Amino acid sequence: MKLALSPDEVAFRDELRRFYRTEIPAEIREKVEYGRELTRDDIVTSHKILHEHGLATPNWPVAWGGKDWTPIQRHIWEDELQLACVPEPLTFNANMIGPVIAQFGSQELKERFLPPTAALDIWWCQGFSEPDAGSDLASLRTTAVRDGDSYIVNGQKIWTTLAQYADWIFCLVRTDPNAPKKQAGISLLLFDVNTPGVTVRPIKLIDGHHEVNEVFFENVRVPADQLVGEENMGWTYAKFLLGNERTGITGVGRTKVRLAVAKQYAERTKVAGGTLLSDPMFAARVAELENELLALELTLLRVVANSSEGKPNPASSVLKLRGTELQQAATELLLDVAGPDALPVGAENIGSPDWAQRTGPSYLNYRKTTIYGGSSEVQRTIIASTILGL
(Lines give C-alpha, C1' and ligand atoms only; values in the text may rest on other atoms or scores of the structure.)
Protein backbone atom coordinates (compact mmCIF):
# COMPACT_ATOMS: atom_id res chain seq x y z
CA MET A 1 0.00 0.00 0.00
CA LYS A 2 1.47 3.35 -1.04
CA LEU A 3 1.70 6.08 1.57
CA ALA A 4 2.42 9.14 -0.63
CA LEU A 5 -0.29 10.90 -2.66
CA SER A 6 0.16 11.29 -6.40
CA PRO A 7 0.10 14.81 -7.92
CA ASP A 8 -3.50 14.23 -9.04
CA GLU A 9 -4.50 13.10 -5.55
CA VAL A 10 -2.84 16.15 -4.01
CA ALA A 11 -4.80 18.39 -6.38
CA PHE A 12 -7.99 16.48 -5.49
CA ARG A 13 -7.28 16.95 -1.78
CA ASP A 14 -6.48 20.65 -2.13
CA GLU A 15 -9.70 21.33 -4.04
CA LEU A 16 -11.73 19.61 -1.34
CA ARG A 17 -9.91 21.62 1.35
CA ARG A 18 -10.75 24.84 -0.47
CA PHE A 19 -14.38 23.86 -0.95
CA TYR A 20 -15.00 22.72 2.63
CA ARG A 21 -13.47 25.87 4.11
CA THR A 22 -15.18 28.36 1.79
CA GLU A 23 -18.59 26.87 0.96
CA ILE A 24 -19.70 25.55 4.36
CA PRO A 25 -20.61 28.41 6.73
CA ALA A 26 -17.80 29.17 9.16
CA GLU A 27 -20.19 29.39 12.14
CA ILE A 28 -21.31 25.79 11.53
CA ARG A 29 -17.74 24.50 11.23
CA GLU A 30 -16.73 26.36 14.39
CA LYS A 31 -19.52 24.60 16.31
CA VAL A 32 -18.14 21.25 15.17
CA GLU A 33 -14.55 22.17 15.99
CA TYR A 34 -15.28 23.23 19.55
CA GLY A 35 -17.95 20.66 20.35
CA ARG A 36 -20.98 22.94 20.39
CA GLU A 37 -24.39 21.44 19.65
CA LEU A 38 -25.61 21.60 16.05
CA THR A 39 -29.21 22.47 15.31
CA ARG A 40 -31.35 20.57 12.81
CA ASP A 41 -31.01 23.54 10.45
CA ASP A 42 -27.20 23.41 10.74
CA ILE A 43 -27.17 19.75 9.72
CA VAL A 44 -29.62 20.26 6.85
CA THR A 45 -27.79 23.36 5.57
CA SER A 46 -24.42 21.63 5.45
CA HIS A 47 -25.79 18.41 3.96
CA LYS A 48 -27.65 20.24 1.19
CA ILE A 49 -24.56 22.27 0.22
CA LEU A 50 -22.58 19.05 -0.05
CA HIS A 51 -25.39 17.42 -2.04
CA GLU A 52 -25.63 20.31 -4.50
CA HIS A 53 -21.95 19.78 -5.32
CA GLY A 54 -22.12 15.98 -5.47
CA LEU A 55 -20.29 15.52 -2.17
CA ALA A 56 -22.99 14.14 0.14
CA THR A 57 -23.18 10.55 -1.11
CA PRO A 58 -20.01 9.79 -3.13
CA ASN A 59 -19.96 6.17 -1.89
CA TRP A 60 -23.28 5.42 -3.56
CA PRO A 61 -23.51 3.83 -7.03
CA VAL A 62 -22.78 6.35 -9.77
CA ALA A 63 -26.27 5.82 -11.21
CA TRP A 64 -27.71 7.28 -8.00
CA GLY A 65 -25.37 10.22 -7.51
CA GLY A 66 -22.21 8.51 -6.34
CA LYS A 67 -18.69 9.17 -7.58
CA ASP A 68 -16.45 6.88 -9.60
CA TRP A 69 -13.60 7.50 -7.18
CA THR A 70 -10.68 5.35 -6.14
CA PRO A 71 -10.56 4.10 -2.54
CA ILE A 72 -7.90 6.71 -1.72
CA GLN A 73 -10.11 9.49 -3.11
CA ARG A 74 -12.98 8.30 -0.93
CA HIS A 75 -10.69 8.33 2.07
CA ILE A 76 -9.45 11.84 1.24
CA TRP A 77 -13.04 13.05 0.87
CA GLU A 78 -13.99 11.81 4.33
CA ASP A 79 -10.76 12.73 6.09
CA GLU A 80 -10.66 16.28 4.74
CA LEU A 81 -14.35 16.71 5.58
CA GLN A 82 -13.63 15.83 9.20
CA LEU A 83 -10.42 17.88 9.37
CA ALA A 84 -12.31 20.93 8.07
CA CYS A 85 -14.92 20.42 10.82
CA VAL A 86 -17.74 20.06 8.30
CA PRO A 87 -20.78 18.19 9.68
CA GLU A 88 -20.75 14.84 7.95
CA PRO A 89 -23.70 14.04 5.66
CA LEU A 90 -26.51 12.67 7.79
CA THR A 91 -25.28 9.14 8.43
CA PHE A 92 -28.74 7.54 8.56
CA ASN A 93 -29.27 8.69 4.97
CA ALA A 94 -25.79 8.65 3.43
CA ASN A 95 -24.16 5.63 5.10
CA MET A 96 -27.04 3.46 6.29
CA ILE A 97 -30.36 3.19 4.49
CA GLY A 98 -29.27 4.80 1.21
CA PRO A 99 -26.62 2.17 0.40
CA VAL A 100 -28.98 -0.62 1.55
CA ILE A 101 -31.77 0.52 -0.80
CA ALA A 102 -29.26 0.99 -3.61
CA GLN A 103 -27.90 -2.54 -3.10
CA PHE A 104 -31.01 -4.55 -2.21
CA GLY A 105 -34.09 -2.43 -2.96
CA SER A 106 -36.42 -2.85 -5.92
CA GLN A 107 -36.19 -0.41 -8.80
CA GLU A 108 -39.39 1.19 -7.53
CA LEU A 109 -37.92 1.70 -4.05
CA LYS A 110 -34.73 3.14 -5.53
CA GLU A 111 -36.59 5.66 -7.68
CA ARG A 112 -38.92 6.60 -4.85
CA PHE A 113 -36.45 6.97 -2.01
CA LEU A 114 -32.87 7.44 -3.19
CA PRO A 115 -33.15 11.00 -4.64
CA PRO A 116 -34.88 12.52 -1.56
CA THR A 117 -32.61 10.50 0.75
CA ALA A 118 -29.49 11.90 -0.92
CA ALA A 119 -30.87 15.45 -0.82
CA LEU A 120 -32.03 15.15 2.81
CA ASP A 121 -35.58 15.89 1.74
CA ILE A 122 -36.31 12.83 3.89
CA TRP A 123 -34.64 12.63 7.30
CA TRP A 124 -34.28 8.97 8.28
CA CYS A 125 -33.82 7.39 11.70
CA GLN A 126 -32.75 3.86 12.59
CA GLY A 127 -35.17 1.43 14.24
CA PHE A 128 -32.87 -1.40 15.30
CA SER A 129 -32.17 -1.62 19.07
CA GLU A 130 -34.85 -2.71 21.53
CA PRO A 131 -34.95 -2.83 25.35
CA ASP A 132 -34.01 -6.54 25.28
CA ALA A 133 -32.19 -6.54 21.94
CA GLY A 134 -29.32 -4.07 21.88
CA SER A 135 -25.97 -5.75 21.44
CA ASP A 136 -27.89 -8.99 20.82
CA LEU A 137 -29.84 -7.41 17.98
CA ALA A 138 -31.05 -10.74 16.59
CA SER A 139 -33.28 -11.12 19.67
CA LEU A 140 -35.54 -8.29 18.52
CA ARG A 141 -39.25 -8.80 19.21
CA THR A 142 -41.01 -6.06 17.22
CA THR A 143 -43.41 -7.94 14.95
CA ALA A 144 -44.80 -7.30 11.49
CA VAL A 145 -47.77 -9.46 10.48
CA ARG A 146 -48.89 -9.49 6.85
CA ASP A 147 -52.46 -8.29 6.37
CA GLY A 148 -53.38 -8.07 2.71
CA ASP A 149 -51.31 -5.35 1.08
CA SER A 150 -49.91 -4.17 4.43
CA TYR A 151 -47.90 -5.23 7.44
CA ILE A 152 -49.21 -4.53 10.95
CA VAL A 153 -46.27 -3.54 13.18
CA ASN A 154 -46.26 -3.79 16.98
CA GLY A 155 -43.38 -3.36 19.39
CA GLN A 156 -40.79 -0.89 20.63
CA LYS A 157 -37.39 0.51 19.65
CA ILE A 158 -34.95 2.37 21.89
CA TRP A 159 -31.89 4.63 21.59
CA THR A 160 -33.31 5.90 18.29
CA THR A 161 -30.96 8.78 17.54
CA LEU A 162 -32.54 12.08 16.41
CA ALA A 163 -35.95 10.48 15.88
CA GLN A 164 -37.37 13.82 17.04
CA TYR A 165 -36.20 15.27 13.72
CA ALA A 166 -36.99 12.28 11.51
CA ASP A 167 -39.55 11.95 8.74
CA TRP A 168 -39.13 8.21 8.11
CA ILE A 169 -37.72 5.19 9.94
CA PHE A 170 -35.99 2.07 8.60
CA CYS A 171 -37.05 -0.64 10.97
CA LEU A 172 -36.02 -4.24 11.62
CA VAL A 173 -39.09 -6.36 12.38
CA ARG A 174 -39.77 -10.05 12.96
CA THR A 175 -41.93 -11.45 10.17
CA ASP A 176 -41.45 -15.16 10.93
CA PRO A 177 -41.53 -15.89 14.68
CA ASN A 178 -41.14 -19.63 13.97
CA ALA A 179 -37.87 -19.34 12.06
CA PRO A 180 -35.31 -21.99 13.17
CA LYS A 181 -32.63 -19.37 13.97
CA LYS A 182 -33.26 -16.02 15.61
CA GLN A 183 -31.25 -14.30 12.85
CA ALA A 184 -33.79 -15.66 10.36
CA GLY A 185 -37.34 -14.42 10.08
CA ILE A 186 -36.33 -10.73 10.26
CA SER A 187 -37.31 -8.15 7.62
CA LEU A 188 -36.55 -4.50 6.94
CA LEU A 189 -39.48 -2.09 6.57
CA LEU A 190 -39.60 1.61 5.70
CA PHE A 191 -42.37 3.85 7.02
CA ASP A 192 -43.31 7.40 7.89
CA VAL A 193 -42.90 8.22 11.59
CA ASN A 194 -46.15 10.19 11.38
CA THR A 195 -48.07 7.00 10.58
CA PRO A 196 -50.91 6.45 13.09
CA GLY A 197 -49.73 4.27 15.96
CA VAL A 198 -46.13 5.56 16.03
CA THR A 199 -45.12 7.38 19.24
CA VAL A 200 -41.72 9.00 19.80
CA ARG A 201 -40.70 9.67 23.42
CA PRO A 202 -37.47 11.49 24.36
CA ILE A 203 -34.73 10.06 26.55
CA LYS A 204 -32.60 12.54 28.49
CA LEU A 205 -28.97 11.47 28.44
CA ILE A 206 -26.36 11.68 31.19
CA ASP A 207 -24.90 14.80 29.53
CA GLY A 208 -28.29 16.54 29.80
CA HIS A 209 -29.09 16.55 26.09
CA HIS A 210 -31.99 15.05 24.12
CA GLU A 211 -30.29 13.01 21.42
CA VAL A 212 -32.01 9.63 21.54
CA ASN A 213 -35.57 8.40 21.89
CA GLU A 214 -37.91 5.51 22.55
CA VAL A 215 -40.21 4.71 19.64
CA PHE A 216 -43.42 2.71 20.15
CA PHE A 217 -45.51 0.95 17.48
CA GLU A 218 -49.14 0.08 18.10
CA ASN A 219 -50.92 -1.55 15.18
CA VAL A 220 -48.96 0.54 12.69
CA ARG A 221 -50.11 -0.23 9.15
CA VAL A 222 -47.20 -0.22 6.69
CA PRO A 223 -47.73 -0.78 2.94
CA ALA A 224 -46.12 -4.05 1.87
CA ASP A 225 -44.36 -2.34 -1.03
CA GLN A 226 -42.18 -0.57 1.56
CA LEU A 227 -40.41 -3.82 2.37
CA VAL A 228 -36.72 -3.70 1.42
CA GLY A 229 -35.64 -6.68 -0.66
CA GLU A 230 -37.13 -10.02 0.33
CA GLU A 231 -39.15 -10.92 3.38
CA ASN A 232 -37.11 -12.62 6.13
CA MET A 233 -33.80 -11.42 4.65
CA GLY A 234 -33.46 -8.41 6.95
CA TRP A 235 -30.50 -9.82 8.89
CA THR A 236 -28.43 -9.87 5.71
CA TYR A 237 -29.31 -6.24 5.01
CA ALA A 238 -28.63 -5.26 8.63
CA LYS A 239 -25.12 -6.77 8.48
CA PHE A 240 -24.42 -4.83 5.29
CA LEU A 241 -25.67 -1.62 6.90
CA LEU A 242 -23.71 -2.14 10.11
CA GLY A 243 -20.52 -2.82 8.14
CA ASN A 244 -20.87 0.61 6.53
CA GLU A 245 -21.74 2.21 9.87
CA ARG A 246 -18.75 0.72 11.68
CA THR A 247 -16.29 1.96 9.06
CA GLY A 248 -17.82 5.45 9.30
CA ILE A 249 -17.69 5.44 13.11
CA THR A 250 -13.86 5.19 12.98
CA GLY A 251 -13.58 9.00 12.81
CA VAL A 252 -9.83 9.46 12.46
CA GLY A 253 -10.22 13.05 11.24
CA ARG A 254 -12.67 13.91 14.01
CA THR A 255 -10.27 12.60 16.64
CA LYS A 256 -7.40 14.55 15.09
CA VAL A 257 -9.44 17.75 15.45
CA ARG A 258 -10.35 16.99 19.04
CA LEU A 259 -6.71 16.28 19.84
CA ALA A 260 -5.63 19.54 18.17
CA VAL A 261 -8.17 21.46 20.27
CA ALA A 262 -6.87 19.76 23.42
CA LYS A 263 -3.31 20.81 22.53
CA GLN A 264 -4.53 24.35 21.86
CA TYR A 265 -6.06 24.64 25.32
CA ALA A 266 -3.11 22.85 26.97
CA GLU A 267 -0.80 25.46 25.50
CA ARG A 268 -2.84 28.15 27.26
CA THR A 269 -2.94 26.32 30.59
CA LYS A 270 -0.19 27.46 32.96
CA VAL A 271 1.57 24.97 35.21
CA ALA A 272 4.74 25.11 37.23
CA GLY A 273 7.62 25.63 34.83
CA GLY A 274 5.57 26.60 31.79
CA THR A 275 2.42 25.32 30.08
CA LEU A 276 0.64 21.99 30.33
CA LEU A 277 1.59 21.21 26.73
CA SER A 278 5.29 21.45 27.61
CA ASP A 279 4.92 19.09 30.57
CA PRO A 280 6.84 15.88 29.68
CA MET A 281 4.16 13.52 31.00
CA PHE A 282 1.38 15.31 29.15
CA ALA A 283 3.45 15.60 25.97
CA ALA A 284 4.15 11.86 26.08
CA ARG A 285 0.45 11.14 26.44
CA VAL A 286 -0.33 13.32 23.41
CA ALA A 287 2.41 11.66 21.35
CA GLU A 288 1.11 8.20 22.19
CA LEU A 289 -2.40 9.15 21.10
CA GLU A 290 -1.08 10.66 17.87
CA ASN A 291 0.85 7.45 17.11
CA GLU A 292 -2.24 5.33 17.79
CA LEU A 293 -4.23 7.54 15.42
CA LEU A 294 -1.64 7.10 12.69
CA ALA A 295 -1.74 3.33 13.07
CA LEU A 296 -5.53 3.39 12.90
CA GLU A 297 -5.47 5.58 9.80
CA LEU A 298 -3.16 3.16 7.99
CA THR A 299 -5.43 0.26 8.94
CA LEU A 300 -8.44 2.20 7.67
CA LEU A 301 -6.72 2.73 4.33
CA ARG A 302 -6.05 -1.00 4.00
CA VAL A 303 -9.66 -1.88 4.81
CA VAL A 304 -11.09 0.67 2.38
CA ALA A 305 -8.73 -0.42 -0.39
CA ASN A 306 -9.62 -4.11 0.02
CA SER A 307 -13.38 -3.89 0.57
CA SER A 308 -15.56 -5.74 -1.94
CA GLU A 309 -18.61 -3.93 -3.21
CA GLY A 310 -21.79 -5.21 -1.62
CA LYS A 311 -20.01 -7.29 1.02
CA PRO A 312 -19.40 -6.21 4.63
CA ASN A 313 -15.72 -6.29 5.55
CA PRO A 314 -15.20 -7.95 8.95
CA ALA A 315 -12.15 -5.71 9.44
CA SER A 316 -14.59 -2.84 9.93
CA SER A 317 -14.99 -4.27 13.43
CA VAL A 318 -11.30 -3.56 14.10
CA LEU A 319 -11.81 0.03 12.96
CA LYS A 320 -14.92 0.49 15.03
CA LEU A 321 -13.34 -1.02 18.14
CA ARG A 322 -10.12 1.01 18.08
CA GLY A 323 -11.59 4.16 16.57
CA THR A 324 -14.13 4.58 19.35
CA GLU A 325 -11.53 3.88 22.03
CA LEU A 326 -9.36 6.68 20.65
CA GLN A 327 -12.33 9.03 20.45
CA GLN A 328 -12.92 8.41 24.14
CA ALA A 329 -9.23 8.93 24.88
CA ALA A 330 -9.34 12.33 23.18
CA THR A 331 -12.38 13.47 25.18
CA GLU A 332 -10.69 12.29 28.36
CA LEU A 333 -7.61 14.31 27.42
CA LEU A 334 -9.74 17.45 27.02
CA LEU A 335 -11.42 16.77 30.36
CA ASP A 336 -8.03 16.52 32.06
CA VAL A 337 -6.88 19.78 30.44
CA ALA A 338 -9.95 21.52 31.83
CA GLY A 339 -9.33 20.08 35.30
CA PRO A 340 -11.60 21.52 38.03
CA ASP A 341 -13.03 24.00 35.51
CA ALA A 342 -14.91 21.07 33.97
CA LEU A 343 -17.11 20.65 37.04
CA PRO A 344 -19.51 23.61 36.62
CA VAL A 345 -21.78 22.79 33.66
CA GLY A 346 -23.91 25.47 32.06
CA ALA A 347 -22.96 28.01 34.71
CA GLU A 348 -22.78 31.74 33.96
CA ASN A 349 -20.77 34.59 35.42
CA ILE A 350 -18.09 32.35 36.89
CA GLY A 351 -14.41 31.87 36.11
CA SER A 352 -14.83 28.49 34.41
CA PRO A 353 -14.68 29.08 30.63
CA ASP A 354 -17.38 27.72 28.31
CA TRP A 355 -15.02 25.30 26.60
CA ALA A 356 -14.07 23.73 29.92
CA GLN A 357 -17.70 23.38 30.95
CA ARG A 358 -18.38 21.42 27.74
CA THR A 359 -15.63 18.87 28.38
CA GLY A 360 -17.54 17.06 31.13
CA PRO A 361 -20.75 16.46 29.15
CA SER A 362 -18.68 15.59 26.07
CA TYR A 363 -16.66 13.02 28.02
CA LEU A 364 -19.85 11.45 29.37
CA ASN A 365 -21.56 11.46 25.97
CA TYR A 366 -18.64 9.68 24.32
CA ARG A 367 -19.03 6.68 26.62
CA LYS A 368 -21.69 5.63 24.08
CA THR A 369 -19.24 5.22 21.19
CA THR A 370 -18.01 1.80 22.33
CA ILE A 371 -21.65 0.64 22.56
CA TYR A 372 -23.55 1.87 19.50
CA GLY A 373 -22.99 0.21 16.14
CA GLY A 374 -22.27 -2.99 18.07
CA SER A 375 -20.51 -2.93 21.43
CA SER A 376 -16.77 -3.54 21.82
CA GLU A 377 -17.55 -7.03 23.14
CA VAL A 378 -19.53 -7.78 19.97
CA GLN A 379 -16.69 -6.47 17.80
CA ARG A 380 -14.17 -8.70 19.58
CA THR A 381 -16.41 -11.71 18.95
CA ILE A 382 -16.64 -10.83 15.23
CA ILE A 383 -12.87 -10.35 15.03
CA ALA A 384 -12.25 -13.68 16.78
CA SER A 385 -14.62 -15.67 14.57
CA THR A 386 -14.34 -14.07 11.13
CA ILE A 387 -10.76 -12.75 11.08
CA LEU A 388 -8.82 -14.99 13.47
CA GLY A 389 -10.93 -18.10 12.87
CA LEU A 390 -11.17 -18.94 16.55
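Modeller: Helix 10 and helix 11 are oblique to each other, because their axes cross at roughly 140°. Angles under 35 degrees count as roughly parallel, over 145 as roughly antiparallel, 65 to 115 as roughly perpendicular and the rest as oblique. Please note that this is a predicted model, in which local features need pLDDT of at least 70 and side-chain atom pairs count only at pLDDT 80 or more, while totals for chains, interfaces and linings use all residues. Residues are numbered from 1 along each chain as its sequence is written, and side-chain values use heavy atoms, with hydrogens and water left out.

Colleague: How is a helix defined, and which residues form helix 10 and helix 11?

Modeller: Helices (H or I, at least four residues) and strands (E, at least two) are DSSP runs, numbered from the N terminus.

Colleague: Is the crossing of helix 10 and helix 11 left-handed or right-handed?

Modeller: A crossing is left-handed if the near helix is turned anticlockwise from the far one by less than a right angle, and right-handed if clockwise. Helix 10 passes helix 11 in a left-handed crossing.

Colleague: Which residues in helix 10 and helix 11 meet?

Modeller: Contact means heavy atoms within 4.5 Å. From helix 10, Thr331, Glu332, Leu334, Leu335, Val337 and Ala338 take part, and they meet Trp355, Ala356, Thr359, Gly360, Ser362 and Tyr363 in helix 11. By class, this contact has seven nonpolar, four polar and one charged residues. Here Ala, Val, Leu, Ile, Met, Phe, Trp, Tyr, Cys and Pro count as nonpolar, Asp, Glu, Lys and Arg as charged, and the others, Gly among them, as polar.

Colleague: Is Thr359 buried or exposed?

Modeller: Buried means under 20% relative accessible area, exposed over 50%, partly exposed in between (1.4 Å probe, protein chains only). Thr359 has a relative accessible area of 5%, so this residue is buried. Leaving out residues up to four places away in sequence, Thr359 touches Leu334, Leu335, Ala338 and Ala342. Its C-alpha atom is separated by 9.9 Å from that of Tyr34, 325 residues apart along the chain.

Colleague: At what angle do helix 8 and helix 10 pack?

Modeller: The angle between helix 8 (residues 252-268) and helix 10 is about 15°, with their axes 9 Å apart. The two helices are therefore roughly parallel to each other. The residues of helix 10 in this contact include Gln327, while those of helix 8 include Arg254 and Thr255. The contact divides into 10 nonpolar, three polar and two charged residues. Gln327 is buried, with a relative accessible area of 4%.

Colleague: Where does UniProt place the domain features?

Modeller: UniProt positions are given in the numbering used here, feature names are shortened, and annotations may be inferred rather than shown by experiment. An unreviewed UniProt entry places "domain: Acyl-CoA dehydrogenase/oxidase N-terminal" at residues 7-119; that stretch is 68% helix and 0% strand. For "domain: Acyl-CoA oxidase/dehydrogenase middle", the unreviewed entry lists residues 125-220, a stretch that is 0% helix and 50% strand. Phe191 is found in strand 5 (residues 186-192) and counts as buried at 1% relative accessibility.

Methods. Axes fitted to C-alpha atoms, helices over the stretch in contact; angles between N-to-C directions.
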